[in-house]
Amino acid sequence: MTDGRYSRQSFLGPEAQSIISRTRVGVVGLGGGGSHIGQQLAHIGFVDYVLYDPDIAKCVNLNRTVGTTAEDVAAGRLKLDAATRLIIGLQPDAVIRPHACRWQDQPEDLRGCDIVFGCVDGFRGRDELERSCRRYMIPYVDIGMDVHQADGEAPRMGGQVILSLPGHPCMRCLGFLTNETLAREGEAYGDAGVHPQVVWANGMLASAAVGVGVDLLTDWTRSLRGPVYLSFVGNDGTLTPHVRLQYLDLEHCTHYPIGSCGDVRVSS
């Protein structure tokens, strides 16, 4: 069954499929973005997963959550169940560590991941997840989108894909996370409804995030050497390097020193 299965992606390198099959990948949030990511990782050949999502599938999720069906909603199944079913359908021998809870409640498996994809709502959730990944020296790929609308204007859709790599600029260094944005955590991520999402934007951002992750693991482009901060403008369908990268003069992160890793220990 697997003979020639990955021949169309052999350009990734002679060791790429071996690397992919050995990589333990975490996906936090299995809604609009995370469901796309889980599906794509399974297609590519990843077989070792740590998944987090406590939410039950609802009718409102059916506009964007890949793999979730109307039957899942009627049965009150978890988004986690749909994601697991989708992955197993593509990778029957996959090892999946499912967590129907917040990652903060059961973080142990997350700490064993080689790379983590974060698809969470709000800035505080991103901040907490990046902090944990930095502490355990895990590359973290963040995606998100929002929609803003001013009176009399068309809605404006935007989003981001950010690679937070230990030792390199973090989301604070890149100006995405600030004390001001964290202080507004009580507000909705977007103001055109509660967490507005659409399947095509989620798919575009998830695809870019998976591409960044695969490049990080295989080095197939031989060009991923600096910060990644992609800015998505949904109104014109573009995904381009954020303008802030032109003015970033940091090679190393000033917020998470490379020596500050592992469990916190208090000396007596």
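Helix α2 passes helix α4 in a right-handed crossing (the near helix is turned clockwise from the far one by less than a right angle). This is a predicted model, where local features need pLDDT of at least 70 and side-chain atom pairs count only at pLDDT 80 or more, while totals for chains, interfaces and linings use all residues. Residues are numbered from 1 along each chain as its sequence is written, and side-chain values use heavy atoms, without hydrogens and water.

The axes of α2 (residues 32-44) and α4 (residues 79-90) come within 9 Å and cross at roughly 15 degrees. That makes α2 roughly parallel to α4 (angles under 35 degrees). G38, Q39, A42 and H43 of α2 meet L86, I87 and L90 of α4, with contact meaning heavy atoms within 4.5 Å. By class, the contact has four nonpolar, three polar and no charged residues.

Now the aromatic rings. There are three aromatic pairs (ring centres within 6.5 Å; planes under 30 degrees apart are stacked, over 60 edge-to-face, the rest tilted). F11 and W220 pair edge-to-face, at 5.2 Å centre to centre and 75 degrees between the planes. F11 lies in the segment before α1 (16-22) and W220 in the loop between α8 (199-218) and β7 (228-233), so the pair ties together parts 209 residues apart in sequence. F11 is exposed at 52% relative accessible area; W220 is partly exposed at 36% (buried is under 20%, exposed over 50%, partly exposed in between, with a 1.4 Å probe and protein chains only).

F123 and F176 form a tilted pair, 5.6 Å centre to centre with 55 degrees between the planes. F123 is buried at 16% relative accessibility, and F176 is buried at 10%. Together with Y229, F123 and F176 form one aromatic cluster.

Conventions
Axes are lines fitted to C-alpha atoms, for helices over the stretch in contact, and angles run from 0 to 180 degrees between N-to-C directions. Helices (H or I, at least four residues) and strands (E, at least two) are DSSP runs, numbered from the N terminus. Angles under 35 degrees count as roughly parallel, over 145 as roughly antiparallel, 65 to 115 as roughly perpendicular and the rest as oblique. Ala, Val, Leu, Ile, Met, Phe, Trp, Tyr, Cys and Pro count as nonpolar, Asp, Glu, Lys and Arg as charged, and the others, Gly among them, as polar. Rings of Phe, Tyr and Trp (its six-membered ring) pair if their centres lie within 6.5 Å; planes under 30 degrees apart count as stacked, over 60 as edge-to-face and the rest as tilted.
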